[in-house]
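Work through these exercises with the model open. Each task is followed by its solution.

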Amino acid sequence: MTTEAGRVVAARVLDVLARRGQTLATAESLTGGLLAAGLTDVPGASRSFAGGVVSYATRVKVSVLDVSAELVQRHGVISEECAVAMAQGARARISADWALATTGVAGPGEQEGRPVGTVWVAVAGPGHVETRLLALAGDRQAVREAACDAVLTLLDGILAWEEPRLG
């Protein structure tokens, strides 16, 4: 991710997780590693970022992230169900406390009958799963960056809401 806002949120999320002794993983499709790259651009990211899976191909979602073939057949890869399964799969495979997932259409054309800019993001954590459907505008790069920012902002909000209960 290259937006300044995204870098600020990434740093804050990684700091909160490090202070809590928790780890983060990523499962990316349309963002193609951009999310993991943005996280590892933060100095000290290794305190909480464990790793990620770029599952651009459907077969990688199925074989590496344990997204069921039936789920893909029934809902497609650009779906809330797939985003959740990707996040849960990354969390399990990487043994992380939290995981972020991105799946959608960056362009240039539609996919699975969904227009460019249709993106699902998911956060999975201890006793928590949350998703967002995004309708993003712009070229491929803008859609990918906005997806990264959105999923980080979603986790940031979850962590901020939980933070007072931890103290």
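The exercises below treat salt bridges and a pocket in a predicted model.

**Exercise 1.** Find where Glu-4 and Arg-7 lie, and state how their side chains meet.

Solution. Start with the helix. Both residues sit in α1 (residues 4-20), 3 residues apart, about one turn of the helix. Next, check the side chains. Glu-4 and Arg-7 form a salt bridge at 2.8 Å, N to O. Arg-7 has a relative accessible area of 35%, so it is partly exposed.

**Exercise 2.** Which parts of the chain does the pair Arg-47 and Asp-15 link?

Solution. First, the contact: the side chains of Arg-47 and Asp-15 meet in a salt bridge (3.6 Å, N to O). Then place the partners. Arg-47 is in the loop between α2 (34-40) and β2 (49-54), while Asp-15 is in helix α1. The two are 32 residues apart, so the pair links distant parts of the chain. Now exposure. Exposed means over 50%; Arg-47 has 52% and therefore counts as exposed. Asp-15, at 30%, is partly exposed. Finally, widen the view: Arg-19 joins Asp-15 and Arg-47 in a network of salt bridges. The structure holds 8 salt bridges.

**Exercise 3.** Describe the largest pocket and its lining.

Solution. Begin with volume: the largest pocket holds about 170 Å³ of space. Of its 15 lining residues, the closest to the centre are Ser-29, Leu-30, Tyr-56, Gly-104 and Gln-111. Elements α3 (58-63) and β3 (98-104) each give two or more residues to the lining. Sort the lining by class: 6 residues are nonpolar, 7 polar and 2 charged.

Key: Residues are numbered from 1 along each chain as its sequence is written. This is a predicted model: local features need pLDDT of at least 70, side-chain atom pairs count only at pLDDT 80 or more; totals for chains, interfaces and linings use all residues. Side-chain values use heavy atoms; hydrogens and water are left out. On a 1 Å grid over the protein atoms alone, a cavity is a set of points where a 1.4 Å probe fits but cannot get out, and a pocket is an open set with protein on both sides within 12 Å along at least five of seven lines; lining residues have an atom within 4 Å of a point. Grid points are joined across faces, edges and corners, and a volume is the space filled by probe spheres set on the points. Helices (H or I, at least four residues) and strands (E, at least two) are DSSP runs, numbered from the N terminus. Ala, Val, Leu, Ile, Met, Phe, Trp, Tyr, Cys and Pro count as nonpolar, Asp, Glu, Lys and Arg as charged, and the others, Gly among them, as polar. A salt bridge is a side-chain nitrogen of Lys or Arg within 4 Å of a carboxyl oxygen of Asp or Glu. Buried means under 20% relative accessible area, exposed over 50%, partly exposed in between (1.4 Å probe, protein chains only).
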